[in-house]
Amino acid sequence: MEPRSTCGSGGCQTCPFSHNEQAEQVANYGCLPSAADILRMKELSGHNWACHADESVMCGGFARYVTAQRPDLDLKVGGLIAYTVWYHDGEDVALAHAGLTQEVPGCSA
């Protein structure tokens, strides 16, 4: 699965991995989890964060960050954690739902 974009380079402005003021504001409002929260979910569940603008693909900022900073986390394993499920139903439900999705085939971050 290809990541949607490499955030911070014209991708999603509010992506937690953009590390900008807009992203921090959205995280503070509780609209999106922080980058640290997303990484914790990956560590605990093995699932990957989906792009909040297109939940059928992995978040590009997440994929780029993990590839560069956390090579111990395997992007080729796990389902996609959907933003809408996380936001409306909570983290536990989102992680369970991600477990029902297919494994990420051939992600190249």
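Is Phe-17 buried or exposed, and why?

Modeller: This is a predicted model, in which local features need pLDDT of at least 70, side-chain atom pairs count only at pLDDT 80 or more, and totals for chains, interfaces and linings use all residues. Residues are numbered from 1 along each chain as its sequence is written, and side-chain values use heavy atoms, with hydrogens and water left out.

Phe-17 counts as buried because its relative accessibility is 5% (buried means under 20% relative accessible area, exposed over 50%, partly exposed in between, with a 1.4 Å probe and protein chains only).

The whole structure holds four aromatic pairs (rings of Phe, Tyr and Trp, the last by its six-membered ring, with centres within 6.5 Å; planes under 30 degrees apart are stacked, over 60 edge-to-face, the rest tilted). In one of them, the ring centres of Phe-17 and Tyr-65 are 5.6 Å apart and the planes lie at 40°, so this pair is tilted. Phe-17 is in the segment before α1 (21-29) and Tyr-65 is in helix α3 (residues 60-69), so that the pair links distant parts of the chain, 48 residues apart. Helices are DSSP runs (H or I, at least four residues), as are strands (E, at least two), numbered from the N terminus. Tyr-65 is partly exposed, at 28% relative accessible area. Ring pairs join Phe-17, Phe-62 and Tyr-65 in a cluster.

Phe-62 and Tyr-65 also take part, with Val-66, in the contact of α3 with Ile-38, Leu-39 and Lys-42 of α2 (contact means heavy atoms within 4.5 Å).
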